[in-house]
Amino acid sequence: MGKVYVFDHPLIQHKTAMIRDKDTSVKDFRDLVKEISMLMAYEVTRNLPLMDVEIETPICKTVMKMLQGEDIAIVPILRAGLGMVDGMLALVPNAKVGHIGLYRDPETHLPVEYYCKLPSDIENRQVIVVDPMLATGGSASAAINFIKEKGAKKVSFMCLIAAPEGIEVLQKDHPEVDIYIAAKDSHLNDHAYIVPGLGDAGDRLYGTK
């Protein structure tokens, strides 16, 4: 069973409060999302496999621990997820990056994949799907479905703000997926916006309305 991790680190709480502020500029919002993502990536990568490697220090030869391989794939859900990639790459610069885009069919209301480009060896990588917001959970769940269909076996999900409704959907649809959250909010309003939330993450990242 996957676990839900809600971060309590003071720096993450402080920066998350700043991105909520409606007066935070586009530039500052973008920088803060990058910084929070980097801080979260530190914890998300905690269980990466290590191996023994012999190195020689200026003093002597010794055996130390190093990462077993470059086996991470970061997959942002377009477009807002893109804002989280650079922060993660600052910690794991050799990670491969995929992209997935979804839209909701106006008649069936089901998510439709319009773009998906993943590393060719996705089945061998630990996949971290990223999106700033987990609201209803529909898009995140569908994205993970599509990624699994392409062969991914080890998937986790990372977001900045989550509603309980979205967490519940993701746990129901993908019970093995770990969920990493900077802040768990109260609920969704009648327009499926997270309360207190921060508004539309994509618009705030890119200055659009």
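Buried means under 20% relative accessible area, exposed means over 50%, and partly exposed is whatever falls in between, with a 1.4 Å probe and protein chains only.

**Ground rules**

I am working on a predicted model, where local features need pLDDT of at least 70, side-chain atom pairs count only at pLDDT 80 or more, and totals for chains, interfaces and linings use all residues. I number residues from 1 along each chain as its sequence is written, and side-chain values use heavy atoms, with hydrogens and water left out.

**Entry: salt bridges**

I looked up the salt bridges, each being a side-chain nitrogen of Lys or Arg within 4 Å of a carboxyl oxygen of Asp or Glu. The count by this rule is 12.

I started with K15 and E35, whose closest N and O atoms are 2.8 Å apart. K15 sits in helix α1 and E35 in helix α2, so this bridge ties together parts that are 20 residues apart in sequence. Helices here are DSSP runs (H or I, at least four residues), strands are too (E, at least two), and both are numbered from the N terminus. K15 is buried at 17% relative accessible area, while E35 is partly exposed at 29%.

Next I checked D31 and K27, also a salt bridge, with 2.8 Å between the closest N and O atoms. These two are four residues apart in helix α2, which means about one helical turn separates them. D31 is partly exposed at 31% and K27 is exposed at 55%.

Then I noted D173 with K172, where the closest N and O atoms are 3.9 Å apart. D173 comes out partly exposed at 34%, and K172 exposed at 68%. I also wrote down a network: K96, D121 and R125 are joined by salt bridges that share partners.

**Entry: aromatic pairs**

How many aromatic pairs does the structure hold? I get three. The rule takes rings of Phe, Tyr and Trp (its six-membered ring) with centres within 6.5 Å, and calls planes under 30 degrees apart stacked, over 60 edge-to-face and the rest tilted.

Y5 and Y180 have ring centres 4.8 Å apart and planes at 5 degrees, so I logged them as stacked. Y5 belongs to strand β1 (residues 4-6) and Y180 to strand β11 (residues 178-184), so the pair links parts 175 residues apart in sequence. Y5 is partly exposed at 31%, whereas Y180 is buried at 6%.

Y103 and Y114 are tilted, because their planes meet at 35 degrees, with the ring centres 6.4 Å apart. Y103 is in strand β6 (residues 99-104) and Y114 in strand β7 (residues 111-117), so this pair ties together parts 11 residues apart in sequence. Both got an accessibility check: Y103 is partly exposed at 42%, and Y114 is partly exposed at 47%.

I also saw that ring pairs link Y5, F7 and Y180 into a cluster.

**Entry: T24**

I found T24 in the loop between α1 (10-20) and α2. Buried or exposed? T24 is buried, at 19% relative accessible area. A polar atom of the T24 side chain lies 2.6 Å from the backbone oxygen of M18. For contacts, meaning heavy atoms within 4.5 Å, I left aside neighbours within four places in sequence and got M18, F29, L32 and R204 for T24.

**Entry: G87 and M38**

I placed G87 in helix α3 (residues 85-91). G87 is buried, with 0% relative accessibility. Not counting residues up to four places away in sequence, G87 touches K34, S37 and M38. I also took the C-alpha to C-alpha distance from G87 to L32, which is 9.5 Å for residues 55 apart in sequence.

M38 is partly exposed at 32% relative accessibility. Together with Y42 and L91, M38 forms a nonpolar patch on the surface, about 300 Å² of accessible area in all. For patches I used residues with over 30% relative accessible area and no salt bridge, joining like charges within 9 Å and nonpolar side chains (Val, Leu, Ile, Met, Phe, Trp, Tyr) within 5 Å. The areas come from the Shrake-Rupley method with a 1.4 Å probe, and for residues, only the protein chains shown count as cover.

Notes. A polar contact is a pair of N or O atoms within 3.5 Å; within protein, one must be able to donate a hydrogen and the other to accept it, and residues adjacent in sequence count only if both atoms are side-chain atoms.
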